[in-house]
Amino acid sequence: MAAERCGQPAHTWIDDARIGEVTGFGERQDITKALLQAVLDMEGEELPEPLQYDTRIEQFSYMTQDRGELIEATALLGTPKGTDEARGVVLVLHGTTGFTDECAPSRSLEGAALVALFTSLGYIAIAPDYIGMKGFGDRSPEIHPYLSGQATAIASIDAVRAIRNVPAVRRNNLCPSTDMLVFGGSQGGHAALWVDRLQPYYARELNLLGTVATVPPMDLLAQMTRALQQEVNATANSIAFFGSAASWYGATDRLDEIFNAPYDTRVPEVLYGGCDFGELTEGDLSLETVFTAEILEQAQNETLGDQDPWGCIATENSLTDTSIERIQEDDPSYGILLVFGEEDNLVHTPIERAAYPSMCESQGMPTQYIECAGAGHGPATFYALPEILEFMNQRLAGEAFTPSCDAPAPVVCRGTPSE
């Protein structure tokens, strides 16, 4: 219950009956399986099983908590039409879309696509926008704390709680189970592993059947260190991480410790100003221009984790280094499927491959590792869709899971395009 870290003001998680309360509804989209199949065909994606149902996708708002205070958040709820019983409940956690309300994925058809996919396969799918990115209603009071595990996991778990409070007619009279699967890609993969980590602390009434995390930055500290040692694609994401985390950790007035002027004020302006943060590394910018000499020296010396508070913030949100222990006693059928791409140019796969065995062994995570040959950051998830859906079916069926702490060589994942 002592949830604060890295110099945050003290707070505890609250036990309030309003958590999970549904407070309103936004836009509704009805997506037919024919339309969804046409999109898959256009993208050259072939599923291992056919789509079955037309879907209803609807925005809703609900109560959750943030640093011990009740707040409102938004999510998408997807339910299949034409069936009396759902296949199961899946929590769908999205990748990076931005940091403000305008960037909430529930505002777009693209953001509903993955929800529609799972829903058309028969699942009740719930996809939170994350705090700081409300899809409708009053504006969020703060920016989204990007890659801050606790903030995103708590709001995501409460979104699952909330679907039981959605009127039955709005979920096609389907009854959601307390059993659930978790799926997330990229930032969402990081969030999925944080749901696995925090659920037994926060929501023991829920039962996790399995977790899928694709291209997640598990060793966030090492990824950030690399991004401050050399200019790579992840450098912009690292700037966004520190810039947005500053608000959540109460360190906004200390940004000049990590960013040189004028970037100590420019970074928050860019993050608040839109959903595209690529301009943070455009032009003739260099690491030395943006970051202070002290923080760069610590990155070069591999001692970034020792820097207060920025190293602490990176460490506490790194699944490999956080002080929050994994405490659950896993059912024999529970498992975590990790999917990476051999040619990922954002989440550096060699870092995650090296971290995987020790993370699996020392933290007792029942995991299997797949690395899709030839896959980049985005395609890896789609190349592995057959393996992902098979894994989810096995968890729903209660089949025993066989973990492995070895990170095997890249393989041609079953959904890899033939041409």
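Asn165 counts as partly exposed because its relative accessibility is 45%, where partly exposed lies between buried (under 20% relative accessible area) and exposed (over 50%), with a 1.4 Å probe and protein chains only. Asn165 sits in the loop between helix H3 (149-162) and S6; helices (H or I, at least four residues) and strands (E, at least two) are DSSP runs, numbered from the N terminus. The C-alpha atoms of Asn165 and Glu21 are 6.4 Å apart, although 144 residues separate the two along the chain.

This is a predicted model, in which local features need pLDDT of at least 70 and side-chain atom pairs count only at pLDDT 80 or more, while totals for chains, interfaces and linings use all residues. Residues are numbered from 1 along each chain as its sequence is written, and side-chain values use heavy atoms, with hydrogens and water left out.

**The largest pocket**

- The largest pocket has a volume of about 1200 Å³.
- Of the 40 residues that line the largest pocket, Glu110, Gly111, Ala113, Leu114 and Phe382 are the closest to its centre.
- Elements that give two or more residues to this lining include helix H1 (33-42), strand S4 (88-93) and helix H12 (379-383).
- H2 gives the most to the lining of the largest pocket, with 8 residues.
- By class, the lining of the largest pocket has 22 nonpolar, 13 polar and 5 charged residues.
- Here, Ala, Val, Leu, Ile, Met, Phe, Trp, Tyr, Cys and Pro count as nonpolar, Asp, Glu, Lys and Arg as charged, and the others, Gly among them, as polar.
- On a 1 Å grid over the protein atoms alone, a pocket is an open set of points with protein on both sides within 12 Å along at least five of seven lines, a cavity is a set where a 1.4 Å probe fits but cannot get out, and lining residues have an atom within 4 Å of a point.
- Grid points are joined across faces, edges and corners, and a volume is the space filled by probe spheres set on the points.

**The cavities**

- The structure holds 3 cavities of 30 Å³ or more.
- The largest cavity has a volume of about 160 Å³, and among its 14 lining residues, Tyr146, Leu147, Pro217, Asn237 and Val347 lie nearest its centre.
- Helix H5 (220-229) and helix H6 (234-248) are the elements that give two or more residues to the lining of the largest cavity.
- The lining of the largest cavity divides into 8 nonpolar, 6 polar and no charged residues.
- The second largest cavity holds about 70 Å³ of space, and residues including Arg5, Trp194, Trp248 and Glu316 line it.
- By class, the lining of the second largest cavity has 4 nonpolar, 3 polar and 2 charged residues.

**Backbone details**

- Most residues other than glycine have a negative phi, and most peptide bonds are trans.
- The peptide bond from Ala261 to Pro262 is cis, with omega near 5 degrees, and Pro262 lies in the loop between H6 and helix H7 (263-273).
- The peptide bond from Asp308 to Pro309 is cis too, with omega near 5 degrees, and Pro309 lies in the loop between helix H9 (293-300) and helix H10 (310-316).
- Asn173 has a positive phi, near 60 degrees, and is exposed, with a relative accessible area of 54%.
- Glu302 has a positive phi near 60 degrees, lies in the loop between H9 and H10, and counts as exposed at 56% relative accessibility.
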